[in-house]
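Hi,

Here is the structure I promised to pass on.

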Amino acid sequence: MRRARDEYEDTQSDIECARPEYRWAIYVFLIYLAGTICLGIYWSSAPAELNVRATTQHQLATLKIPVQTQWPKGVATTSTLISISETLLDKHGGYLTNDFSPPGIWLDNMSHWELGVITQVRDTTQILRSSLSQSNLKHDLDVDLQKAEVRFNFSDNSWGVPSTESQYRSGIEHLQKYNLRLLQAGAENAQFHVDAQHLNDYLAGVEQRLKILSQRLTASVGPNPNTDASAISMRQANAKKIVSALYTKTPWTQVDDIFYEARGSSWALIAVLQAVEIDFVDVLQNKRAQVSYEQIIRELKPTQDPVYSPMILNGDGFGFVANHSLTMASYLARAQAAISDCRRQLLVSTP
């Protein structure tokens with residue numbers, strides 16, 4: 001019995017004395033792992049809702065423009081678009097989609113949130129270039145807006161040369177040049193047209209984007225009809241029935257990705273809509289559409305409520321488990337309906 005105890009003590013002593021650097025390596029790895037997990041949690045927190053008037057004043061200060069209570073038309077929208085883009089790049093952890101090391105590479109929810117934000121930036125820049133900066137009679141494209149649109153449509157996951165961040169910052173610089181020309185008195189080459197038709201064009205694009213997001217979210221419980229033209233064209237040789245590609249269901253591994261993409265898109269859209277309201281306030285009041293317009297923003301704000309569940313759930317019907325995707329889709333659908341009401345009001349002739 002004593003011999004067995006001595007052998008046990010000798011074995012423990014050998015373990016404690018053998019290769020202590022291995023133990024230090026394990027300790028260092030565990031500390032590194034705990035640190036990256038804590039840092040990842042910190043980086044996963046989305047930025048707070050933007051204060052449109054405060055961000056506009058900040059952009060004016062950046063351009064060394066004196067503080068103003070009223071701005072030329074288009075300045076609020078452009079300044080907010082710039083602030084959204086800067087927030088995307090300068091938030092906690094910076095831009096994470098193109099990270100290839102921990103913890104950024106693990107944070108797929110935040111990378112899809114960023115995708116939703118950049119999608120709204122691209123949509124708004126596109127409508128600025130193609131509609132809001134052009135009159136109905138003259139179609140001279142703004143050079144800075146053209147360049148900004150190209151930069152923002154650069155690949156969202158490039159970490160080489162050029163990197164995604166450098167291209168997006170270049171797009172921000174071109175928006176700032178356009179914004180400065182709007183602020184300069186007599187700068188006829190910088191245009192921003194505020195009338196019911198241009199606002200209707202912008203809201204039509206927003207409505208279509210929300211429709212697409214709603215369809216993708218509701219596909220979590222699929223199968224839903226896939227209205228994509230490429231899928232519709234795929235038919236069997238006998239042309240008697242549509243192939244299964246016409247019906248899609250979101251894989252369970254992508255449910256949270258689409259949810260956070262919609263959440264990021266809504267975060268950016270709320271700020272842009274508030275800025276557009278400032279620029280088009282006269283149109284909304286003349287058309288008696290301000291109430292319906294504000295309803296759009298109210299319907300979108302619940303999309304930013306805290307998510308208390310540790311994961312995005314995908315319950316079915318009236319089951320025991322919630323379905324976060326369908327909840328998000330309902331908010332977007334209600335905002336979409338509010339946009340339809342507002343657009344109808346805009347098209348009504350003012351008595």
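Ser-85 is buried, at a relative accessible area of 3%; buried means under 20% relative accessible area, exposed means over 50%, and partly exposed is in between, using a 1.4 Å probe and protein chains only. You'll find Ser-85 in helix 4. Helices here are DSSP runs of H or I with at least four residues, strands are runs of E with at least two, and both are numbered from the N terminus. Not counting residues up to four places away in sequence, Ser-85 touches Val-121, Phe-152 and Ile-172, where contact means heavy atoms within 4.5 Å.

Before you read on, keep in mind that this is a predicted model: local features need pLDDT of at least 70, side-chain atom pairs count only at pLDDT 80 or more, and totals for chains, interfaces and linings use all residues. Residues are numbered from 1 along each chain as its sequence is written, and side-chain values use heavy atoms, with hydrogens and water left out.

Now the overall picture. The protein has 13 helices and two strands, and 43% of its 351 residues count as buried. Among contacts with a separation of 6 or more, 75% come from residues 24 or more positions apart. The accessible surface is about 19300 Å², and carbon and sulfur atoms account for 57% of that; the areas come from the Shrake-Rupley method with a 1.4 Å probe, and for residues only the protein chains shown count as cover.

Next, helix 6. It spans residues 143-152, and its buried residues are Asp-144, Leu-145, Ala-148, Glu-149 and Phe-152. These cover an arc of only 135 degrees around the axis, so they sit on the same side of helix 6; the arc is taken from the directions that run from the helix axis to the C-beta atoms. What covers them includes helix 4 (75-90), helix 5 (108-132) and helix 7 (164-183).

What caps the N-terminal end of helix 6? That is Asp-142, with a side-chain oxygen 3.0 Å from the backbone nitrogen of Asp-144. Asp-142 also forms a salt bridge with Arg-181, with the closest N and O atoms 2.8 Å apart. Asp-142 is in the loop between helix 5 and helix 6 and Arg-181 is in helix 7, so the pair ties together parts that are 39 residues apart in sequence. Asp-142 counts as buried at 7% relative accessibility, and Arg-181 does too, at 14%. Asp-142, Asp-144 and Arg-181 are linked in a network of salt bridges.

A salt bridge, by the way, is a side-chain nitrogen of Lys or Arg within 4 Å of a carboxyl oxygen of Asp or Glu. By this rule the count comes to twelve. Two others to look at:

- Arg-169 and Asp-90 meet through their side chains at 2.7 Å, N to O. Arg-169 lies in helix 7 and Asp-90 in helix 4, so this pair ties together parts 79 residues apart in sequence. Arg-169 is partly exposed, at 35% relative accessibility.
- Lys-91 pairs with Glu-114, the closest N and O atoms being 2.6 Å apart. This one links distant parts of the chain, with Lys-91 in the loop between helix 4 and helix 5 and Glu-114 in helix 5, 23 residues apart. Both Lys-91 and Glu-114 are buried.

Thr-164 is in helix 7 and is buried, with a relative accessible area of 0%. Thr-164 and Asn-98 are 66 residues apart in sequence but 7.7 Å apart in space, C-alpha to C-alpha. Leaving aside neighbours within four places in sequence, the contacts of Thr-164 include Tyr-95, Asn-98 and Phe-154. Gln-176 is also in helix 7 and counts as buried at 18% relative accessibility. With the neighbours within four places again left aside, Gln-176 is in contact with Gln-59, Thr-62, Leu-63, Ile-82 and Glu-86.

Last, the surface. There is a nonpolar patch of about 1200 Å², and among its residues are Trp-24, Phe-29, Ile-105 and Trp-106. Patches are made of residues with over 30% relative accessible area and no salt bridge; like charges are joined within 9 Å, and nonpolar side chains (Val, Leu, Ile, Met, Phe, Trp, Tyr) within 5 Å. Trp-106 is in the loop between helix 4 and helix 5 and is partly exposed, at 44%.

Cheers

Conventions: Polar contact = N/O pair within 3.5 Å; in protein donor to acceptor, adjacent residues only side chain to side chain.
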